[in-house]
Amino acid sequence: VKAVDVAFVNRMLPYCPPTVAAMVELQHYTAMRSGELIQIRPMDIDTSGKVWIYEPTHHKTRHHGHVRRAHFGPKAQKILQPFLNRRVDLPCFSPKEAMEQMRQKAEAARKTPKGQGNTRGSNRKANPKKQPGDAYTTDSYRNAVLAAIERANADDKKVQRFTPHRLRHTAATRIRKEIGLDSARAVLGERSLGMADEYAEIDAKLAEKAMAKFG
C-alpha cells in the first residue's frame, strides 16, 4: 500500500463534511486503521497524560492476545476534542451528523431567496432505503472519502483517488523518515506474532514519543 500525497489530502478536505474531514486528519496524524478510527468513543480514551492513549475494543491482532494502543499528540487532540462532547459510550464520529452538516452547507450556499424554490427537505424521498446510522463502517467511511474526492475533482482540484487506508501509510512514511523504522512500526502497531510481550512496553514508549512530536 502506497502513501498518498499530502497535497491531495489538503485539496479534498474542504469537500468533506467537518466530521469526515476530522476523521481523515486524525487518521493522517495517528496512522490508525480505519476500523480503529470508526469505533472511537470518549470512554475509550485516557486523556490524563500529555499524550492521550486510545485502546480500541476490537482490533486486528486482538485474537493473538495483543493490546493495541493508539497515541494522540497535540494535533490529534485538537481535532478530536470537539467530538468528545457527547455521551461517553457513543461513537465520536456519526454519519447522521455528517449528513446534517452537508445539508446545512448546501442551505447556506443556496442562491434562491428564502421563501422561493424548494424548502429544505422538500425534495427528499419519503422513505429512503438507506438512512445514515449512528456509527460509520469501514465501507461507509471509505465511500465518504471517495465522494469528497469526486466533489473536489468536479471542481477541477485534480485529486488522485485514494482510500483512507493509504493515510495510515502516509503517517508511517513521515515518521520513519524523521525518527526511524522502529518508531514507525510502533505507531502502526505492527509486530510479529512471535515477538515477546516485553517488547510491547518498548513499542508504547516509542509510539508515545513519535506522537508527541508528529501527532
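Analyst: Among contacts in the protein chain with a separation of 6 or more, 66% are between residues 24 or more positions apart, where a contact means heavy atoms within 4.5 Å. This is a predicted model, in which local features need pLDDT of at least 70 and side-chain atom pairs count only at pLDDT 80 or more, while totals for chains, interfaces and linings use all residues. Residues are numbered from 1 along each chain as its sequence is written, and side-chain values use heavy atoms, with hydrogens and water left out.

The protein chain has 9 helices and 3 strands, and from the N terminus the order is α-α-α-β-β-β-α-α-α-α-α-α. Helices (H or I, at least four residues) and strands (E, at least two) are DSSP runs, numbered from the N terminus. Of the 215 residues in the protein chain, 40% are buried. Buried is under 20% relative accessible area, exposed is over 50%, and partly exposed is in between, using a 1.4 Å probe and protein chains only.

Now for the inside. The largest nonpolar core holds 41 residues, and Met 12, Ile 40, Phe 72, Leu 80, Phe 93 and Phe 162 have the most contacts inside it. A nonpolar core here is a set of buried Ala, Val, Leu, Ile, Met, Phe, Trp, Tyr and Cys residues joined through side-chain atoms within 4.5 Å. Two or more residues each come from α1 (6–12), α2 (18–30), β2 (52–54), β3, α4 (74–80) and α6. Helix α6 gives the largest share, 7 residues. In soluble globular proteins, nonpolar side chains tend to be buried together.

Leaving out residues up to four places away in sequence, Phe 72 touches Thr 30, Met 32, Ile 40, Ile 45, Val 51, Trp 52, Tyr 54, Gln 77, Leu 80 and Gly 215. Ala 70 lies in strand β3, which covers residues 70–72. With a relative accessible area of 3%, Ala 70 is buried. Its partners, again setting aside residues up to four places away in sequence, are Met 32, Trp 52, Ile 53 and Tyr 54. Ala 70 and Leu 37 are 9.6 Å apart in space, C-alpha to C-alpha, and 33 residues apart in sequence.

What does Gln 77 touch, leaving aside its neighbours within four places in sequence? Gln 77 is in contact with Lys 50, Val 51, Trp 52 and Phe 72. This residue is found in helix α4, and Gln 77 counts as buried because its relative accessible area is 14%.

Next, the helix packing around α2. The axes of α2 and α6 are 10 Å apart and at an angle of about 100°, so the two helices are roughly perpendicular. Val 20, Met 23, Val 24 and Gln 27 of α2 meet Tyr 141, Ala 144 and Val 145 of α6. That contact has 6 nonpolar residues, 1 polar and no charged. For the classes, Ala, Val, Leu, Ile, Met, Phe, Trp, Tyr, Cys and Pro are nonpolar, Asp, Glu, Lys and Arg are charged, and the others, Gly among them, are polar.

Helix α2 also packs on α5 (residues 95–109), at about 120° with axes 7 Å apart, and that pair is therefore oblique. Here Pro 18, Thr 19 and Val 20 in α2 meet Glu 97, Ala 98 and Gln 101 in α5. This contact of α2 with α5 has 3 nonpolar, 2 polar and 1 charged residues. Axes are lines fitted to C-alpha atoms, for helices over the stretch in contact, and angles run from 0 to 180 degrees between N-to-C directions. Under 35 degrees is roughly parallel, over 145 roughly antiparallel, 65 to 115 roughly perpendicular, and the rest oblique.

Last, the stretch from α6 into α7. Asp 156 is found in the loop between α6 (138–154) and α7 (165–179), and Lys 158 is in the loop between α6 and α7 too. Asp 156 has a positive phi of about 65° although it is not a glycine, and Lys 158 has a positive phi near 55°. Asp 156 is exposed because its relative accessibility is 53%, and Lys 158 is exposed at 56%. In α7, by contrast, Arg 166, Leu 167, Arg 168, Thr 170, Ala 171, Ala 172 and Ile 175 are buried. Gly 180 follows α7, with a positive phi near 115°.
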